[in-house]
Amino acid sequence: MTAPIIRPRRLRTTPVMRAMLAETTLQPRQLVLPLFVAEGLREPRPISAMPGVVQHTLDTLSKAAVQAADAGLAGVMLFGLPETKDAVGSEALNPDGILNRAIATVRSEVGDDCLVMSDVCLDEFTDHGHCGVLTPSGLVDNDATVELYAEMAVQHAAAGAHLVAPSGMMDGQVGAIRQALDGAGAQDVAILAYAVKYASAFYGPFREAVASSLTGDRKSYQQDPANVRDALREVELDVAEGADIVMVKPALAYLDVIRAVREAVNVPVAAYNVSGEYAMVEAAAAQGWISREPAINETLTAIRRAGADIILSYWALEWVHRGARL
Ligand code: PBG
């Protein structure tokens, strides 16, 4: 056997060599931290399926947002849990409702030091847990729901959101929200569209995080995990309707979709490293079955390598705090 002349291992010999040649990097400004706030809480409530993540009070929410800003994160994505839910999600449109108050509080604390992003969806607010209002036969009523989203987005903008993030997968939601924002003088509020959102088992822990009352599934509006052409169609529509950033969700089981979307459009692409992806690593690490920090680094690397410009991750703050670098 002749010795090889070309040895790729030469470029892997020392940490500096490897760092010099890393093709994938990650900066704090490319990370967004999702945060939950619940109405009527006296102190933060742990979410059992997401160890280390809590439902915040308004007060602890502001503190977490200030930490995110101080750490140099790009932003925080806010989800609100009202005390009362009904069939039409009325609390979502209460100007004094929990999410509007959270947006206003956080914006007044962080100003422009980090971006305030808000979830535009009804699932946290409806007693049936669906992302919209229902027709008499129990289907999610697309057009009636979109009207509510548009109104909700206008309220979020008025409360101080820099970006609104429609996550309900209703057809035409981005266009309707853009038109409503512009009509309300909020031309500069950007839309981060959940353009590609699969009906995924990996949202399981989030349902606990937002105390979701959903029974059944969202397969009549979220996408089939089997499809990628459908994802490109959704992205194309959202860009045409005025989406400023498009998001793919979940991330890990859909890295091929992130890559395909990155290659198909010229707007920034975000990916949501969802609750189930977080829970799997945390649970295995807690058992001593996986090494936690390397697994987190590898997860974030993979999502960036697939083509995501921005990552939403429950690990965002700790990743910066522990001084990790990719
Ligand atoms: C809907 C929404 C969901 C998530 C973000 N926005 C849940 C769903 O569609 O069922 C999931 C996020 C996660 O799992 O981390 N408002």
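Mentor: Let's start at the ligand: one of its nitrogen atoms lies 3.2 Å from a polar side-chain atom of K249. Keep in mind that this is a predicted model.

Trainee: How should I read that distance for K249?

Mentor: A polar contact is a pair of N or O atoms within 3.5 Å, so the K249 pair, at 3.2 Å, qualifies.

Trainee: Which residues come nearest to the ligand?

Mentor: There are 18 residues around the ligand, and D123, R207, K249, S275 and Y314 come nearest. By class, this shell holds eight nonpolar, three polar and seven charged residues.

Trainee: Where does the ligand sit?

Mentor: The ligand sits in the largest cavity. A cavity is space where a probe fits but cannot get out, judged on the protein atoms alone. Here the search of the whole structure finds one cavity of 30 Å³ or more, and the largest cavity holds about 150 Å³ of space.

Trainee: What lines the largest cavity?

Mentor: Its lining has 18 residues, with D123, K197, Y203, F206 and K249 nearest the centre. Two elements, β7 (190–197) and α6 (204–209), each give two or more residues to that lining. The lining divides into eight nonpolar, three polar and seven charged residues.

Note on methods
Residues numbered from 1 in each chain as written. Predicted model: local features only at pLDDT ≥ 70, side-chain atom pairs only at ≥ 80, totals over all residues. Heavy atoms only, no water. 1 Å grid on protein atoms, 1.4 Å probe; cavity = no way out; pocket = protein on both sides within 12 Å on 5 of 7 lines; lining within 4 Å. Points joined across faces, edges and corners; volume = space filled by probe spheres on them. Helix = DSSP H or I, 4+ residues; strand = E, 2+ residues; numbered from the N terminus. Nonpolar A, V, L, I, M, F, W, Y, C, P; charged D, E, K, R; others polar. Near = heavy atom within 4 Å. Polar contact = N/O pair within 3.5 Å; in protein donor to acceptor, adjacent residues only side chain to side chain. Sits in = over half its atoms within 2 Å of the grid points.
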